[in-house]
Amino acid sequence: MSEPVIITSENVVCSGKMQPLGLVIKEGRIADILERSEIPENQKVEDFGSSVIMPGLIDAHVHINEPGRADWEGFETATLAAAAGGITTLADMPLNSSPVTITPEALKEKQNLAGQKAHVNCLFYGGLVPGNEEQVESLLKAGAAGIKAFLCHSGIVEFPNVTSHELNAAMTVLADFQKPLLVHAELSALPDHEKQTDPLSYDQYLRSRPQQWEVDAINLMVNLCKKTGCPVHIVHLSSVMALPILKKARTEGLPITVETAPHYLNFESEDIPDGDTRFKCAPPIRERANRDLLKSALMDGHIDLIATDHSPCPPELKEIDSGDLIQAWGGIASLELLLPATWTALRDQQVSPVNLTRWLAERPAELLGQSHRIGKIEEGMEADLMAWDPNATFTVNAQDLQHRHKITPYDGMQMQGKVQATWLKGKRVYG
Ligand SMILES: [Zn+2]
């Protein structure tokens, strides 16, 4: 039996507030929670002073791409980045790897690779594509945390989008299991949208993926949710035009959750230079006014969680040299920056570490069906923890980040909030 360790600070986020506490870590779990005055003198104590201690962060939306496209990103580098960012659990999306995760065999291959290489916990979603509806049940039985589908082209040929026909079939099964369908909510059926002709123009890129695509997709998903009772999770919401539909559905009690990503909270289209493909993602980063309303919606509780949608690729595919926004891979690399990017973006909103704990740990744990073991600091929970200094500032240097290709739109940005240490089941994995 290993000797217990006590991790302490004046600001431990526990039971919805920050408190001076000591966490007794034993056998990989939080065995006891003590007042600071109760900490025995003869115990091994790691004191983090006034730093904040929170549950290990959970990033519910990551593209690792291994096997098959490990030259884009792999388990080793992605999970090192996660650990350095205070993230102790991530959930990997079923596309960009090859094979895509649309069969239990492909899922097992991912699970095995993670078992050999990962530095943090990895969970996996299965994928829904036309023709694999009958695999949904076996994917869930093999451990998929949910099933992901696209309503528009995914960018990966082996992962085509679905229609309401496949959605109906899959959602009936998911409803039985009470597991979520995760949806990339852009419905590109709109005939009159503007096509991009100038490959360098960010403004044209933005207008080629209008907010109405998100609105139409979310309307469709609300209807299917009502019909099937399947829990629906809208990934990376960018459009505030879709918020009233979501609010109404949630008020009616429909099981719909929604996430946004740090890049939608930090950047604004007015400031994105033409030809800077690092900012290309889908749905796109929109105008300043939209960004500010997204922040308010988060603070008001209309958005459940924040996930990075870390989706890197090699510099050639990102068209870094050409600046071609039509050809460039749509995806932003930011896994390690989840916490400081969120904290920095919301400094003007009276945000507190208690909010961050909800968006970056508690709610993701609920989405992933893991809230019985991770996502909060409570006696008996796994000792997945992180410590950070909310006042420390730093300048992002992409070269210092752990993910494979050192490309990110956050390069050179001044940020606040520095991760100091990460523990996985009580074992220090960073800091
Ligand atoms: Zn994604």
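Reader: How much space lies in the largest pocket?
Author: In this predicted model, about 720 Å³ of space lies in the largest pocket. A pocket is an open set of points on a 1 Å grid over the protein atoms alone, where a 1.4 Å probe fits, with protein on both sides within 12 Å along at least five of seven lines; lining residues have an atom within 4 Å of a point. The volume is the space filled by probe spheres set on the points.

Reader: Which residues are the closest to the centre of the largest pocket?
Author: They are His153, Tyr205, Arg209, Lys280 and Ala282, out of 33 lining residues. Strand 10 (147-150) and helix 5 (202-208) each give at least two residues to this lining. Helices (H or I, at least four residues) and strands (E, at least two) are DSSP runs.

Reader: What classes of residue does the lining of the largest pocket have?
Author: The lining has twelve nonpolar, 16 polar and five charged residues. Asp, Glu, Lys and Arg count as charged, Ala, Val, Leu, Ile, Met, Phe, Trp, Tyr, Cys and Pro as nonpolar, and the others as polar.

Reader: And how much space lies in the second largest pocket?
Author: That pocket holds about 340 Å³. Of its 18 lining residues, Ala84, Glu336, Phe394, Leu401 and Tyr430 lie nearest the centre. Helix 1, strand 15 (385-395), strand 16 (414-424) and strand 17 (427-430) each supply at least two lining residues. Eleven residues of this lining are nonpolar, four are polar and three are charged.

Reader: Moving to helices, at what angle do helix 1 and helix 2 pack?
Author: Helix 1 (residues 75-84) and helix 2 (residues 104-117) pack at about 60°, and their axes, lines fitted to C-alpha atoms, are 10 Å apart. The two helices are therefore oblique to each other, as angles under 35 degrees count as roughly parallel, over 145 as roughly antiparallel, 65 to 115 as roughly perpendicular and the rest as oblique.

Reader: Which residues make the contact?
Author: Helix 1 contributes Phe75, Glu76 and Thr79, and helix 2 contributes Lys110, Leu113, Ala114 and Lys117; contact means heavy atoms within 4.5 Å. Three of these residues are nonpolar, one is polar and three are charged.

Reader: How do helix 6 and helix 7 cross?
Author: Helix 6 (residues 211-228) and helix 7 (residues 243-251) cross at roughly 15°, with axes that come within 9 Å. That makes helix 6 roughly parallel to helix 7. Val215, Ile218, Asn219 and Val222 of helix 6 meet Ile245, Leu246 and Ala249 of helix 7. This contact has six nonpolar, one polar and no charged residues.

Reader: Which residues count in a predicted model?
Author: Local features need pLDDT of at least 70 and side-chain atom pairs count only at pLDDT 80 or more, while totals for chains, interfaces and linings use all residues. Residues are numbered from 1 along each chain as its sequence is written, and side-chain values use heavy atoms, with hydrogens and water left out.

Notes. Axes are lines fitted to C-alpha atoms, for helices over the stretch in contact, and angles run from 0 to 180 degrees between N-to-C directions.
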